[in-house]
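The structure is shown here.

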Amino acid sequence: MSSPTRKKAARKSPAERAAEIADAAHDLALEQGLSAVTLRAVAARIDVAPALVAHYEPDMQALIASTFSSIVAAELAEVDALVAVLPTPRERLAAMLATLLDGSRDDVTVIWVEAWALGRRNEALAASVRDEMDAWQAMIRGVVEAGVASGEFETDDPAAAAWQLLGMIDGLNAQALVRWGDAADRGSLISHAVEGMLGLARGALAPPPR
């Protein structure tokens, strides 16, 4: 039995083809995880020969790294914009915790979890993971520092507090992927811990009303 013949790929400019490949990798990662971003899978997604993808992306590890970065950087920008409009550091931190822990971003959590594992053997990805973790820590640290400056938060080390908070968010979200514990409680669990860490009254970081 003969295999189906693939139609000849439409001509596109190098920039258009590169963007098409990047978009295919992005969609595959969000739908199936970073491990699904393979040469053949990307080629099938846009209905071209694997050799054409290899021509534009000769290093699949680099494509996986850039795909990871584009997804998580977009989430950071979205969360930053969401909280930046709120008037006080306490409200910004409460909103940040609410949106990161409500389960609506589990597709991006999967990307993070896979990146930590795949990054052991993909140095380009590992470097991207470190850069994006630094970016998240810097954003959280900025909120904590603003709270210390305004007198709302109490801590001698905003940078360390931000790292601890980031670790708690990542840990509980990763646990929720396998439905360990009560996923619905992850927001309140972290909120109470962070309230203690930053000298806030119990309930000060309760999710804002919807």
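The protein has nine helices and zero strands, so its pattern along the sequence is made up of α elements, α-α-α-α-α-α-α-α-α. The model is predicted. Its C-alpha atoms fill a box of roughly 70 × 35 × 35 Å along the principal axes. Of the 210 residues, 39% are buried. Among contacts between residues at least 6 apart in sequence, 66% join residues at least 24 apart.

The protein exposes about 11,200 Å², and carbon and sulfur atoms supply 55% of that area.

A pair of aromatic rings is described by the distance of the centres and the angle of the planes. The protein has two aromatic pairs. In one, the ring centres of Phe68 and Trp112 are 5.1 Å apart and the planes stand at 90 degrees, so this pair is edge-to-face. Because Phe68 lies in helix 4 (residues 60–84) and Trp112 in helix 6 (residues 106–118), the pair ties together parts that are 44 residues apart in sequence. Phe68 is buried, with a relative accessible area of 0%, and Trp112, at 9%, also counts as buried.

Trp112 also pairs with Trp116: the ring centres are 5.8 Å apart and the planes are at 40 degrees, so the pair is tilted. These two residues are four apart in helix 6, and therefore separated by about one helical turn. Trp116 has a relative accessibility of 31% and so counts as partly exposed.

Methods: Residues are numbered from 1 along each chain as its sequence is written. This is a predicted model: local features need pLDDT of at least 70, side-chain atom pairs count only at pLDDT 80 or more; totals for chains, interfaces and linings use all residues. Side-chain values use heavy atoms; hydrogens and water are left out. Buried means under 20% relative accessible area, exposed over 50%, partly exposed in between (1.4 Å probe, protein chains only). Contact means heavy atoms within 4.5 Å. Accessible areas come from the Shrake-Rupley method with a 1.4 Å probe; for residues, only the protein chains shown count as cover. Rings of Phe, Tyr and Trp (its six-membered ring) pair if their centres lie within 6.5 Å; planes under 30 degrees apart count as stacked, over 60 as edge-to-face and the rest as tilted.
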